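Dear colleague,

Please find the structure below, followed by a summary of what was found in it.

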Amino acid sequence: MKIPFVPERASNFAPEMDALFYTLTALTVIFTVLVGALVLFFAIRYRKGSKAKRSGAVDSHLGLELTWTIIPLILGLFIFWWSAKLFIKTRQPPKDAMEIFVIGKQWMWHVQHANGVRENNEMHVPVGVPVRLTMISQDVIHSFFVPQFRIKQDVLPGRYSQQWFITTKPGKYNLFCAEYCGTEHSAMGGYVYALPKKEFDQWLASGGSKKQPPVSMIEAGQRLFEQNACGNCHGALDTPKGPSLVGLFGKRRTMRDGTEVDVDDSYLRESILNPYAKIVKGYLDTMPEYKKQLSEEQVLFLNAYIKSLGATQAPSPRTVMANTGNNK
Amino acid sequence: MSSVGNPTVNPEVGAKPNYLQNGHTVASWLLTKDHKRIAILYLISVSVFFLLGGLAASMIRMELVTPTGLMMTSDFYNRIFTAHGVIMIFFFLIPAIPAVLGNFLIPLMIGARDLAFPRLNLLSWYFYIGGGLLGLSAILTGGVDTGWTFYTPYSSMYSNSQVMLTILGAFVAGFSSIFTGINFIVTIHKMRAPGMTWFRLPLYVWSHYATSIIIVLGTPVVAITLLLVGVERVFHIGIFSPELGGDPVLFQHLFWFYSHPAVYIMILPAMGVISELFACFSRKRVFGYHFVVFSSMAIAGLGFLVWGHHMFVSTQSMYQGLIFSFLSYLVAIPSAIKVFNWTATMFRGSIRFQTPFIYALGFIGLFVVGGLTGLYLASMSTNVHLTDTYFVVAHFHYVMVGGTIMGFLGGLHFWWPKMTGRMFSDYWGKLAAMITFVGFNLTFLPQFILGYLGMPRRYHLYKFAPEFQIWHILSSAGAAALALGFLIPAVYLTLSLFNGKKASANPWGAKGLEWTIQSPPLTENFEEPPIVTEPAYNYDPEEAELEEDEEAESEEPVGARA
C-alpha cells in the first residue's frame, strides 16, 4: 500500500504554493529543533547536582531580546511578502480565461459550461487553458476545494465569488466541499477531470459525458427572457418603462441616490431578483421582483443573454473581480 | 464534596481550620464566597466537561478509522463533533486556567484576602453552570450540528437542531467569563499587598490581567452576535441571511472578532503558568521579565486586529486580507519572545525534573510546533490550500491541547499540594506527562499531513479519498494513548486526596506569596497582611544547589498501590 505524503501538483499555482509550504516547513523544523535542543541541553547541563557554573547569570539582556525579536520578524515579513505576492496572482485571472459556472447546493456541485453542457459533481476542464469559475450557492455557504490545484474559494449564497487556475497535467482530481454545510457535507464532492485541450473540445462539443445536445446558456437565457416578457420594458432603446439592456454590461450607471455602479454579474443578478436594491436615475419602481421565481441557474442564463446583447467593451477581469467582492 | 482534601487538623497550626475544613455542609460549598472554594467548584465542574468533551473526541476518532464510517450516521457525527467543540471551548478551555487556578491563586499571589467582588465570583460560577446545563440540555435533546463556529446562514436558517439552546448556553457562560474578567482586573489594580508593585507581580498575574482585558472587551461582542443569530432564526429578521437581505460574511467578522482573541484567552493563562514553572524548577528569575510582561500585553492588543486571517477565502476583499495577514505575523512575535525567554531562564539554573516541570517542557515542545504552524495559516496563499482542512485542526490542537491543557495540567500539579494539602505520586505524574506528550504527537502530527493532502475538516466520510485512511488510523491510535495520559492523573490525583503525603507549605521550594502560607491555606489566606520587599522569583541557583528537595526522594508511588 502506498502511503500518501504529498498531494499531486496539477495547477499553475501548485509549484509555488508548495515551495512556500516547504520553506515554512524548513523554518518550523529549524526553530523547533533549535528550541528543543537548547532546552534539552540546558536541562541536562544545569540539572541539580551537575558541576556546571551557575554564578553570574543575568536576568535580562537587551541585545538578546532584540536578536530574537528582529530575526523572527524579518523572516516573518519575508514570508508575508512572498505569500501575498502569490495570493494576488491567484486573484487576477487572465482576460481570455474560459468561463465555467458553478452552483453549490446541499449537497452537490452543479457545473455549467457556456455552451450549455451541464455536469453534476464532476467538472471537466482543458489542460493548459486558464479557467475562471464564477460560483454561487443556492442555500448555505459551501467551499470549492481542489487539493491538487491548491485552490479553495468559499461559495456564498447571494453573491458571486470567483476562482481561476490553469491545469498543468491531465488526470482525475478530488473536488471537495470544504465549508461545513450540513448533514451530507462530507458527501458533497466528486472529481475534476483534466483533459488535453483537443479531447476536451471534443467532449464539450459532443454534449459532455451525457452526450446530450446542449442548449447554450445564451440561448437558454433568451428563452427565459421571452417567457418572462422582459422585452416589454427592456427594448432596443431606453424608454420611460425601462432602460435598454443592449450594451449594458461593463458600463457604469448612476443610481437614483447618486452612487455609481459598475454593471457586472452581481449587479445584473441583484437587479433581476431584487430590482429595488439599486434603481437607475430617472426610473420608477415598476419592475416586479423575481426573487422567488428564478433559480440561480436561470439567473446565470439571463446574465449570459444580457451580456450577449453587445457589450460595448469587455470589462477588464479586474473590474469584474472587484465587484464580485473578493478582489477589492 | 466535603471529602475533598480529607480534612484533618494540622497540629502545627493549632485550632484554626484551613479553608477546606471551614464548613462541611453542601451549603457551605454552594454558597461560599471564598475564592479558594469557588476554585474547587470550578475544578470539579470543568473536569466533568473535559471528560464529556473527551468522550466526544474518542467517538470521533473511532468513527474515522474507516473511510465509510464505523457506527454513526452523518447527522450523529455532525452533532458529536459540534458537541466536542462547544464543550471544550466554551466550557473547558476558556474557564479552565483562569477560573480554577486564577481564582485560587490571584489573591494569594498578590497578598489579598479574596478577590475584589466575592459575591460576583460565586455568581460567575452559577452563570457558568447555568450555561453549561443549557449546553448539555441541547445535547441531550437532540444535539446541535452547526460546528462550534455557528456559521450563518446554516445556523440561522437551515439547521434542524438545538441551535437556540446552545447559543443561549454559550451566551450565559459568556457572562461568567465577563464577571471573572472584571473581578480580576479590579483585584489586580486595587488589592495588591504593600510593596507588591506592578513589576513585582508574578508573570502569572500579568498574564491573567492581559486575559481579563480581552475577556471584558471581546466577550460582549460574541454574546451579541450569537443573539443576532437567534433573532434571525426565531423572528426571521434579516441580518446574516441573503434571503432576508442580510450578509453571511458579516457573521464571520463578528464571530472571529471575539473568537480569535478567545484563542489568546485560552493560551495566555497557560503561558503564565509556564513562566512560574520555569522559574521555580530552574531556581532562577524568569529571563527578560519585562519583555514577557509586554509580550502578554502586546498579544492582548494585537490579538484584536487579526481576526480576518480566518477569512482569506471567504470573499473578504484582497486588500483587507493583506492587512490581516501582515498583522498576524506581528502577533506571532510576542509568543516567540516568550519561548526564547523561558529557554534562557534555564541557563545556569539549578534544574529539578519534577512532574510540573515535565509538563512545562512538554508545553514548550508542543507550543512551538503549534505556533510555527500558525504561520502557514497566516500566510495567505498557503492558507488557501490549508484552511478548513485537518491542517487547521492539527494546528489549533497543538496550541489548545499542547499549550493550554499542558499548561493547565502543569499548573494543577504544581499547585495541587497548595490546594489540597496533599502530595501526589511524582513517579506516576512524570509517566503521565510523558505518555500525554507522546500520545499527543501521535494523534496530531498525522493530521498535518492529512490536511496538506487535502482532507477537509468536519468530514464524516472520506470515501472519495480512501488513501487518507492510514493517517487516520495512526491518529486514532495516538488518541487512545492521549486518553490514557489524561486518565492516569485523574486516578492518582484523586487517590492522593485520601492517602497522599501531607504537603508542607512549600514542597517545591518555590518563591511567591502563595508558598509562604500553610497548605491548604486558611480561609483568610494570610494571618498577617504580607509586605513585599523583593522582586518576583528571587531565586538563587547557587544556593538552590545546596537545598534538600522534599520530593527528590519520592516514597513508594501512591498510585501504584491502587
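In chain A, strands β1 (residues 98–105) and β2 (residues 108–113) pair in the antiparallel sense over six bridges. Strands pair if DSSP finds at least two bridges between them; helices (H or I, at least four residues) and strands (E, at least two) are DSSP runs, numbered from the N terminus. Within this pairing, A:Phe101 has A:Gln112 in β2(A) as its bridge partner.

The model is a predicted one, in which local features need pLDDT of at least 70 and side-chain atom pairs count only at pLDDT 80 or more, while totals for chains, interfaces and linings use all residues. Residues are numbered from 1 along each chain as its sequence is written, and chains are lettered from A and ligands numbered from 1 in the order in which they are written.

Both strands belong to an open, mixed sheet of five strands in chain A, ordered β3-β2-β1-β5-β8. Its edge strands, β3 (118–120) and β8 (161–166) of chain A, each pair on one side only. On average, neighbouring strands of this sheet are turned by 25° against each other, direction ignored. Helix α6 (residues 296–308) of chain A packs on the sheet and touches β1, β2 and β5 (130–137) of chain A; its direction makes about 160° with that of β1(A). Here axes are lines fitted to C-alpha atoms, for helices over the stretch in contact, and angles run from 0 to 180 degrees between N-to-C directions. Residues are in contact if their C-beta atoms, placed from the backbone, lie within 7 Å.

Strand β4 (residues 122–126) of chain A has four of its five residues buried, so it is largely enclosed by the rest of the structure. Buried means that 20 or more other C-beta atoms lie within 10 Å of the residue's own; exposed means 12 or fewer, and partly exposed lies in between, with C-beta atoms placed from the backbone. β4(A) pairs in the parallel sense with strand β10 (residues 189–195) of chain A over five bridges. The bridge partner of A:Glu122 in β10(A) is A:Tyr191.

**The contact between the chains**

Chain A and chain B each bring 77 residues to the contact. On the side of chain A that touches chain B, α2(A) gives the most, with 16 residues.

Helix α13 (residues 390–420) of chain B has 30 of its 31 residues buried. B:Gly421, with a positive phi near 80°, follows α13(B).

Yours sincerely

Technical notes
Two residues are in contact if their C-beta atoms, placed from the backbone, lie within 7 Å.
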